[in-house]
Amino acid sequence: MTQVSDQMVVRNLIEKIRHRIREKLLSTTFLKTDRELLRSLDKLMETKKAVGLPETAFESPLYETTYEVDRFELFLSLYKRRQDRDMLVHLSNSRLEQKFVFKTYFDFSASYDGETMEISHMYMQRPFFAVQFPDSYNYGFLGNTIGHEFFHQFSPKRVNEFWQKNERYIESANCYTKFYDDICFDLSLYDSVTNGTKVREVCTKGSTDLGENMPDVEGARVAFETMRAELGEVALKERAIPEFHYTNEQMFFIAVAQLHCDKDLNNHQYLADEMLDEDPHASGNVRVNGIAMQMAEFADAFHCQPGDPMVTAEEEKCYLLPTD
Ligand SMILES: [Zn+2]
């Protein structure tokens with residue numbers, strides 16, 4: 001159950017990440033001398049947040065009985081209802097609807113007088129989150145998602161003309177598009193000619209998924225940077241949990257991957273459909289690998305060498321907010 005203390009931790013995390021993005025905007029080369037910097041900062045600072053669900057949501061006698069059974073499948077279903085910028089639970093009369101009462105996603109919702117970041121109740125449940133989990137895990141799972149949502153504000157469809165026409169911004173968008181276009185997999189897919197399977201190379205659609213891929217990488221980066229500032233360089237190399245051999249920096253990326261863990265990742269037809277459809281999200285494996293490949297911190301954490309699959313040359317890395 002979501003406690004007020006959990007919500008405080010999450011709210012705090014949002015503010016830390018917001019602060020870090022603010023720092024990045026302040027040192028972004030192409031924003032420096034322009035009033036656009038002020039507009040961008042306003043946009044960032046005005047983002048409202050709604051965390052979890054009001055406590056009254058848990059007072060229903062039906063809540064306890066359906067919750068344990070359904071919480072994992074609920075993670076995949078979407079049901080949202082919004083009022084006064086708060087997460088609302090729709091405690092209706094039918095038990096079937098009761099199944100869908102939890103909003104299960106992060107989302108920015110545009111409204112006439114501002115933007116709201118909503119953080120679902122599910123994000124604050126085990127095994128996804130607990131205050132007692134290592135900070136590095138919480139940064140990788142929740143912090144990364146918060147960063148992602150903030151960066152939607154700066155993704156191609158959300159930015160104004162100044163950004164859209166800015167050379168450095170265009171360069172960054174093109175870089176992300178090309179980078180993801182080049183992520184390809186050999187998949188065994190049904191072949192109607194032979195009625196068997198055939199190995200086919202399938203590549204991600206970088207332009208369709210740009211609005212999600214860019215926030216994926218930028219969000220993970222800012223979450224990692226916030227974690228580094230918080231824990232300190234030394235702690236990154238220390239074990240996240242004494243009994244477990246993964247370090248904090250490794251734990252961060254394990255949590256990033258956990259977010260997209262899906263039983264269908266072994267289903268090649270499913271992956272091909274996900275990669276080629278018009279949905280703005282790439283398939284889960286691409287989302288995880290894309291972040292790892294764009295972040296030098298991943299290679300460092302897992303001791304990868306140049307030429308390894310997850311290592312990308314610096315000139316192929318993409319930066320939305322360049323500081324040079
Ligand atoms: Zn998104």
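Helices (H or I, at least four residues) and strands (E, at least two) are DSSP runs, numbered from the N terminus. With that in mind, the tour can start from the whole chain.

**The whole chain**

This is a predicted model, in which local features need pLDDT of at least 70 and side-chain atom pairs count only at pLDDT 80 or more, whereas totals for chains, interfaces and linings use all residues. Residues are numbered from 1 along each chain as its sequence is written. Select the protein chain, and you have 13 helices and seven strands on the screen. Colour the chain by pLDDT (the predictor's confidence in each residue, from 0 to 100); the average is 79, and 77% of the residues score at least 70. Then select residues 54-114, where the pLDDT is below 50, although the stretch has 74 contacts in the model beyond near neighbours in sequence. Two residues are in contact if their C-beta atoms, placed from the backbone, lie within 7 Å. Among contacts between residues at least 6 apart in sequence, 69% join residues at least 24 apart.

A residue is buried if 20 or more other C-beta atoms, placed from the backbone, lie within 10 Å of its own, exposed if 12 or fewer, and partly exposed in between. Of the 324 residues in the protein chain, 34% are buried.

The buried residues of α1 are Val10, Leu13, Ile14, Ile17, Arg20, Ile21 and Lys24. Stay with isoleucine 17 and show its contacts beyond four places in sequence, which are Gly143, Ile146, Gly147, Phe150, Val222, Ala223 and Thr226.

**Helix α10**

Move to alanine 257, which is found in helix α10, residues 248-259. Alanine 257 is partly exposed, with 17 other C-beta atoms within 10 Å.

Select strand β6 (residues 184-191) together with β7, and you have an antiparallel arrangement joined by eight bridges; two strands pair if DSSP finds at least two bridges between them. Leucine 187 has arginine 200 in β7 as its bridge partner. How many residues of strand β7 (residues 196-203) are buried? The count is zero among its eight residues.

Now look at asparagine 195, in the loop between β6 and β7. Asparagine 195 counts as exposed, with 7 C-beta neighbours inside 10 Å, and has a positive phi of about 65° although it is not a glycine. Most residues other than glycine have a negative phi.

**After α13**

Finish at histidine 303, in the segment after α13 (296-301). Histidine 303 likewise has a positive phi, near 55°, and counts as exposed, with 8 C-beta neighbours inside 10 Å.
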